[in-house]
Amino acid sequence: MNPATPAAVDSAVNILLQSIFNENRNTLEAESKTRSSSYRKDTKTHASSLAHVDDHVEAIKLTLDSVQRQLLQKISTLRTEHNRMIPLHQLPIEIFIRIISDALAPLRTLGRSRSTCLSRLVRFSPVCKRWKDVIEGTPSFWTIIDILDPPAIISAAISRSESRPLNIIAISSGMMQLVSHFHTFCHPDKLNQFITTAITVSPRWRSIQLVVPSSEKASAVMNAPAPIMKSLDLESRRPIRVGFSNGGVAFQGTDPQLRRVRLHCVAIPWDSYLLRGLRDLSISGLETFAPSCEETLAILKACPGLVALNLSLKPAATVESPKKATPLTLAELQSLSFSLNPSFALTLFETIRLPSIRFVHLHLNFSSDLDHILFPKLIQHAQSLFSVVFRKNYSLFITVYSGDSLHWTCKPDQTSRGGRKFEITTQYKPASETLECLVETLLNRFTPEFVEVYFDCPRRLRLSTFLEVFDGVDCVNTILVSGCDLDPLLTYMSCPTASLQWGFPKLERLTVYACNYNPLNLLSMVEARYGQEVQGSSIPYNQPELPPPLKSITISHADGGANRDILALVEDILGPDCLQYDEDADC
């Protein structure tokens, strides 16, 4: 019988119980006869009999305790043998450790969640003795010290990790925008105590990700010895400046070989040796203490091997541009993210060369008339970058948020492999002007495989100002409209435009949400594009060839007051399953 089955276990336990009973039965009978004889010989006093009874009861209890101990010991032995037969436990210890490490990997890379690596380890340990021994005896499992763990677990981790390098976490990577939320579940006293504990093991820091509550705490961190640290990530809720003691020397002169530095609302001396030889650099959230253009270029010059660069400084951080700088090539830079005022961004673009760029995100704020004048020059430089990121086969997504905000995103198409992206976001500049410039410099010169346009606008915004920009653009496949007056779009699509083409001639899908429109305009647009004569109108002599049929029109939460008769006519023309509207659409 297979001892791993429930029936086998029950049988083994019964055999054990029987053997234990047989081992103790003779002893119990002999002791009982002896005590019975003693009771007959000594019956003169009641107290003596009671004493013998008590002794007999105590002997029975001791015997039962012994039986229980032997039973539990033998059950434990059975369980151990059963666990050994599990295929997972027959693997070499190195493979078993690798399996647990891979199971913990998502907790190291995902955003903040309720689980941490150490809390998951604590839940793994009680599975069985083998798991407990392996987990507690593997130092590499205990090298992530997280503020969300209780102090007792943190203390145990520091001990069990032995002398291994430690990763200190008081906030997850990528959560800069959630720093204020972090303070809602992490009490300041707990944060201060965690930083104090972390500083005691600073010689073992491999990386730190800390929210610092004050410049004093930031200075304490920066002045702790950290000879093997590779990654420094400091964040603050408000802009702070950190000075170095000992004549401007950080980390007590232990000279950590940093490869990654991320500072959010934390300013350090911008000529520090810490900002040299980096592979990943991010400076964000600063205004008053922001580095100047000259200081920024000096940092980039000291980091020729940069792979990722993020500069996100508040718009008011206007800094005088330096004189014409010597061109600087960052040959390995693949990811570039700028959130700057246009004059700052233009100075950097005129100086740096990026032959290997794969990801570009530009967030530009136009707060002055001078900034508006610089936009065409910025787009010329963006065009040069775009030709490196995408040479062919890309999809374009355009989102108009309001009259002065626009988002332009280019991604690989479905036939290309990922890793490349090009984004431009503009604010405080007329979106129609931005769109016109981008269409002329990028869309018309680098034709995408797919174009989606999303008008997410308030009703006061006139769609007609944007539709004129698209006149002559024949590669738009999908249009989404939310919160607008839809009639200008329907009219634009109903007849040839000034370029003697249909409005959006290759359009396949139109999705409408919470828009006001005249249902007759919808019907007229469909009839015109499908070659059906509209009542009261005549087909122009020079009308171009009809556009391809639409694949779908979706209407949700519309205010057009369309009745079912009109929608039925539209559906008859489009064909089955091409018109969709939910029950909230007025009809």
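The model on your screen is predicted.

**Before you zoom in**

Start with the whole protein in view. Its secondary structure comes to 18 helices and 19 strands. Of its 587 residues, 45% count as buried. Now think about contacts between residues with a separation of 6 or more: 69% of them join residues 24 or more positions apart.

**Stop 1: helix 11**

Select residues 293-301, which form helix 11. Which residues of helix 11 are buried? They are C293, T296, L297, I299 and L300. Turn the view until you look down the axis of helix 11: the buried residues fall within an arc of 155°, so they line one face of the helix. Next, colour E294 and K301, which are exposed on the other side of helix 11.

**Stop 2: helices 17 and 18**

Select residues 519-529 for helix 17 and residues 564-574 for helix 18. A pair of packed helices is described by the angle between the axes and the distance between them. Here the axes come within 10 Å and cross at roughly 15°. That angle is under the cut-off of 35 degrees, and helix 17 and helix 18 are therefore roughly parallel to each other. The crossing of helix 17 past helix 18 is left-handed.

Show the side chains where the two helices meet. Helix 17 brings P519, L520, L522, L523, V526 and E527 to the contact, while helix 18 brings I566, L569, V570, I573 and L574. How many of these contact residues are nonpolar, polar or charged? The contact has 10 nonpolar residues, no polar ones and one charged residue.

**Stop 3: T554**

Move to strand 18, residues 552-556, and pick out T554. Is T554 buried or exposed? T554 is buried, with a relative accessible area of 19%. Leaving aside residues up to four places away in sequence, T554 touches L510, T511, V512 and Q580.

**Stop 4: helix 5**

Finish at residues 129-136, helix 5, where the buried residues are W131, V134 and I135. These cover an arc of only 95° around the axis, which puts them on the same side of helix 5.

Definitions and conventions: Residues are numbered from 1 along each chain as its sequence is written. This is a predicted model: local features need pLDDT of at least 70, side-chain atom pairs count only at pLDDT 80 or more; totals for chains, interfaces and linings use all residues. Side-chain values use heavy atoms; hydrogens and water are left out. Buried means under 20% relative accessible area, exposed over 50%, partly exposed in between (1.4 Å probe, protein chains only). Helices (H or I, at least four residues) and strands (E, at least two) are DSSP runs, numbered from the N terminus. The arc is that of the directions from the helix axis to the C-beta atoms. Contact means heavy atoms within 4.5 Å. Axes are lines fitted to C-alpha atoms, for helices over the stretch in contact, and angles run from 0 to 180 degrees between N-to-C directions. Angles under 35 degrees count as roughly parallel, over 145 as roughly antiparallel, 65 to 115 as roughly perpendicular and the rest as oblique. A crossing is left-handed if the near helix is turned anticlockwise from the far one by less than a right angle, and right-handed if clockwise. Ala, Val, Leu, Ile, Met, Phe, Trp, Tyr, Cys and Pro count as nonpolar, Asp, Glu, Lys and Arg as charged, and the others, Gly among them, as polar.
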